[in-house]
Amino acid sequence: MPSDQHQPLLASDEQETAYDPTEKVHVVGVVDDQDHFDEYGDKSPPFSWRKLWLFTGPGFLMSIAFLDPGNLEGDLQAGAIAGYSLLWLLLWATAIGLLIQLLSARLGVVTGRHLAELCREEYPNWAGKLLWIMTELALIGADIQEVIGSAIALKILTIGFLPLWAGVLITAFDCFIFLFLENYGVRKLEALFAVLIAVMAISFAWMFGETKPNMKELLVGIVVPKLNSKTIQQAVGVVGCIIMPHNVFLHSALVQSREIDPRKTGRVREAIKYYSIESTIALAISFIINLFVTTVFAKAFFGTAIADTIGLGNAGQFLEDKFGGGVVPILYIWAVGLLAAGQSSTITGTYAGQFIMGGFLDLRLKKWARALITRSCAIVPTLIVALIFDSSEDTLDSLNEWLNVLQSVQIPFALIPLLCLVAKDDLMGVFKIGPFLKTISWLVAALVIAINGYLLQQFIVEEVSGVVFTSIVVIFTAAYVAFVVYLIWRSITVSTFGFLKPNSQVI
């Protein structure tokens with residue numbers, strides 16, 4: 001059979017890109033904005049609801065990382081242990097996440113390339129490869145949580161018939177089926193995520209209605225900041241779960257699914273405007289969903305003896321014991337919402353893995369080949385976890401803490417390169433961030449890194465023991481700090497982090 005009848009493993013010899021031109025959504029000329037609009041000018045076209053609809057999609061895919069099983073577990077633990085008192089922090093953590101994601105979207109729109117590609121070009125080969133390894137570790141850690149979350153939901157929905165390892169295999173397999181939708185257009189895949197987000201919203205809103213949290217305490221919790229020594233760990237968890245390293249890389253690639261010419265300043269401004277609106281709406285919805293989960297568990301378990309023992313696996317059963325079965329048992333409503341969260345975040349994790357691997361390594365593999373490699377990297381350790389911890393919820397919760405720490409320590413390796421690149425004059429031109437936004441962004445990054453550093457320090461104090469293990473941890477910690485310092489130093493010396501150049505225009 002002639003070789004050209006086989007589907008090649010390798011893509012074309014052209015440089016790796018997030019989307020082929022034929023895959024991109026056409027957004028120019030769909031409304032009458034051509035007559036009095038200079039595409040190369042400093043202004044964007046007038047606002048159009050139809051245009052907003054065409055740009056809607058990437059922000060909602062990005063928002064899935066704010067709703068994954070790891071976040072849901074953080075929400076339920078914050079509600080059970082701290083009550084309504086950390087809702088204000090959930091709001092501000094979501095706002096911080098929005099700022100970071102908007103910078104990621106700006107980078108992708110302005111440059112026409114995503115963060116992984118730019119890191120490969122910006123840093124020396126050794127540093128680029130190390131950034132890739134750290135990002136892949138964070139992605140694998142997140143993927144384990146997401147797949148296990150789906151497997152727990154399937155186990156509940158099948159009344160314990162499906163063991164965790166079987167749920168893991170099913171989740172891995174149907175992930176490929178869903179990603180196959182992309183062959184019919186990126187809008188079809190975006191529609192699938194919209195359905196999954198709607199399922200989460202309906203499920204957790206139903207739980208909210210069933211449990212009837214105290215609305216006065218809810219509003220006070222959002223408006224009045226409260227924090228004490230008993231809730232500090234939950235507070236750190238709320239912030240730590242919001243910034244996902246792989247999500248920063250993902251959003252810079254997703255925004256390239258629209259047909260935008262980076263050379264046309266007006267069109268770039270238009271894209272940034274619509275993506276900002278869309279991302280804000282998406283994260284507002286994710287905040288409401290997280291709010292539902294936190295307040296349900298605050299109403300049910302705050303101040304009870306079992307508050308410290310609640311996790312993803314037993315949360316639904318505890319709710320049913322507390323509120324009864326009802327027309328539709330709350331246990332299964334919880335499981336449906338958890339399944340939608342786990343399934344959607346698993347797909348976006350695989351999606352992010354394709355961009356991260358392709359960008360850092362400049363791979364020209366077909367997308368299905370990259371998806372297979374990415375999925376295999378996560379499924380093997382996840383299967384091991386499922387087989388070992390299937391019958392032990394306490395051990396599974398302990399593992400989840402380790403995975404949270406693994407992702408937390410990777411955050412600087414997404415934030416620092418992002419802030420370095422969006423401030424570069426030769427890369428961003430008139431779209432580089434100005435002094436005020438730059439200062440705010442670095443302060444936010446420092447805050448997030450410090451919070452996650454605290455989480456790491458607490459975890460080491462509680463979990464690390466023995467001379468050999470302690471020595472290994474100290475060595476790795478020293479190497480880790482050295483690499484973070486190197487990235488910050490390079491940001492200061494190589495990028496235009498310092499004073500503005502004369503006559504440079506920023507927005």
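The expected span of a helix is 1.5 Å times one less than its number of residues. The legends below apply to a predicted model.

**View 1. Helix α4, its span and its cover.** Helix α4 covers residues 87-111, 25 residues in total. From first C-alpha to last, α4 reaches 37 Å. That is close to the 36 Å expected at 1.5 Å a residue. Most of α4 is covered: 21 of its 25 residues are buried. G112 follows α4. The phi of G112 is positive, near 75°.

**View 2. The E270–K51 salt bridge.** A search of the whole structure finds nine salt bridges. One of them pairs E270 with K51. Their closest N and O atoms are 2.6 Å apart. E270 sits in helix α12 (residues 265-301) and K51 in helix α1 (residues 49-55), so this pair ties together parts that are 219 residues apart in sequence.

**View 3. E190 and R187 within helix α8.** E190 forms a salt bridge with R187. The closest N and O atoms lie 3.3 Å apart. Both residues belong to helix α8 (residues 186-211). They are three residues apart, about one turn of the helix. E190 is buried, with a relative accessible area of 8%. R187 counts as partly exposed, at 25% relative accessibility.

**View 4. E190 and R258 across the chain.** E190 also meets R258 in a salt bridge, side chain to side chain. The N to O distance is 2.7 Å. Which parts of the chain does the pair link? E190 is in helix α8, while R258 is in the loop between α11 (245-254) and α12. The two residues are 68 residues apart, and the pair links distant parts of the chain. R258 counts as buried, at 1% relative accessibility.

**View 5. The network of K51, R267 and E270.** Which residues are joined into one network with K51 and E270? R267 is, through salt bridges that share partners.

Notes
Residues numbered from 1 in each chain as written. Predicted model: local features only at pLDDT ≥ 70, side-chain atom pairs only at ≥ 80, totals over all residues. Heavy atoms only, no water. Salt bridge = Lys/Arg side-chain N within 4 Å of Asp/Glu carboxyl O. Helix = DSSP H or I, 4+ residues; strand = E, 2+ residues; numbered from the N terminus. Buried < 20%, exposed > 50% of the residue type's maximum accessible area, 1.4 Å probe, protein only.
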